Amino acid sequence: MKLQRHGTIACLALTAVLGLSACGSDNNEPTGTSASGSASAADCAKGTLNAQGSSAQKNAMAEWIKAYQQKCAGTTINYEPSGSGAGIQAFIAGTADFAGSDSALKEAEQPQADAKCVGGKAINLPMVIGPVAVAYNLTGVDNLQLKPTTLAKIFAGKITKWDDAAIKADNPGATLPATTIQTVHRSDSSGTTDNFTDFLAKTSEADWTFGKAKEWKAPGGTGAKGSDGVASRVKGAPGTIGYMEWSFAENAGLGVAKIGNGADEFAELTAESAGKTIAGAEITGQGDDLKMKIDYNTKEAGAYPIVLVTYEIACSKGFAADKLPLLKSFLGYTASSEGQAALTELGYAPLPETVRTKVEAAVKNIS
């Protein structure tokens, strides 16, 4: 089945995940303009913020910045999608007010980041759920289903034909051609690759022996730069399969496979199903540090298991006094119900309410 985004579908997904009570006819109003929204005039702050990091959250940041600046005059917020590693180094160096990252601060990075936060610590705030789609181009096959072990064998080069017995077993009743499988992976260092290979390593250890990394390690296949490059390759070549951020699969009109989860279901990728996996994630950080550990073997009914979380990394205390009000106001907006609701139309999934409220509270505590 080829997924398409419609306002009604998005509304239903948000209702299920966030518990929103209504989806009125004013959906074209700028995000965050409701009376109770975190970007209301009373909450606005002036000034300039400079941030950089994760390219996976680039479109989310662009939408948030546009909506916030429309409501809050006299504000400039710059976000450079330079990559997670570059963003963290910029934060450590003091050239970024906050950093976006596809993974939480590593043990070696934490003390360096803490040193910027006088009297406090650098904290990881999960802000964007980026589902990773497994998209394919296979004529006549509209509802492809793949178990993690089958997926691992495909990308490891162990399964080379679409009518392989393992794929047939995952798709009873489907007519699968004898076409050769062409896999497409990222050619650049990528948080999407890091999360996709982490999923394969944790769910299919026997079949995926290449570990977890931002750089593609498995032999064979074709490399393409960025999720847009992967999507373009898949769209242009029948028999092709690749992984990419969800929005790129949707924009290209590609088929998206259902993926087996720990509950022995094949889960369709939706905002709701991706949110279920994050809702079951373990928070391993302390206090307002909301670092998360995702269970790729989730047994939650209906949960789509291949998801990544991008964080905003900021100081809990010790932030520059002249920028503190704007940092709290802007991140408060991104963590609000209104801010999160804007993500579904962009191919992201909003934070589950149980996680969102923790993030919102942590932002309020920044000083």
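Predicted model: local features only at pLDDT ≥ 70, side-chain atom pairs only at ≥ 80, totals over all residues.
A search of the whole structure finds 11 aromatic pairs. One of them joins Phe98 and Phe330, whose rings are tilted, with 6.4 Å from centre to centre and 35 degrees between the planes. Phe98 belongs to strand 3 (residues 98-101) and Phe330 to helix 11 (residues 324-334), so this pair ties together parts that are 232 residues apart in sequence. Phe98 and Phe330 are both buried. A pair with edge-to-face geometry is formed by Phe155 and Trp216, at 6.0 Å centre to centre and with 70 degrees between the planes. Because Phe155 lies in helix 5 (residues 148-155) and Trp216 in the loop between helix 7 (191-203) and strand 7 (222-224), the contact ties together parts that are 61 residues apart in sequence. Both of these residues, Phe155 and Trp216, are buried. They also belong to a cluster in which ring pairs link Phe155, Phe196, Trp208, Phe210, Trp216 and Tyr243.

The search of the whole structure also finds 8 salt bridges. In helix 7, Lys202 and Asp198 are 4 residues apart, about one helical turn, and form a salt bridge with the closest N and O atoms 2.6 Å apart. Lys202 is partly exposed at 44% relative accessibility, whereas Asp198 is buried, with a relative accessible area of 10%. Arg356 and Glu353 form a salt bridge of 2.9 Å, N to O, and are 3 residues apart in helix 13 (residues 353-365), again about one helical turn. Arg356 is buried at 5% relative accessibility, while Glu353 is partly exposed at 26%. Salt bridges with shared partners join Glu353, Arg356 and Glu360 into one network.

Key: Residues numbered from 1 in each chain as written. Heavy atoms only, no water. Phe/Tyr/Trp six-rings, centres within 6.5 Å; stacked < 30°, edge-to-face > 60°. Helix = DSSP H or I, 4+ residues; strand = E, 2+ residues; numbered from the N terminus. Buried < 20%, exposed > 50% of the residue type's maximum accessible area, 1.4 Å probe, protein only. Salt bridge = Lys/Arg side-chain N within 4 Å of Asp/Glu carboxyl O.
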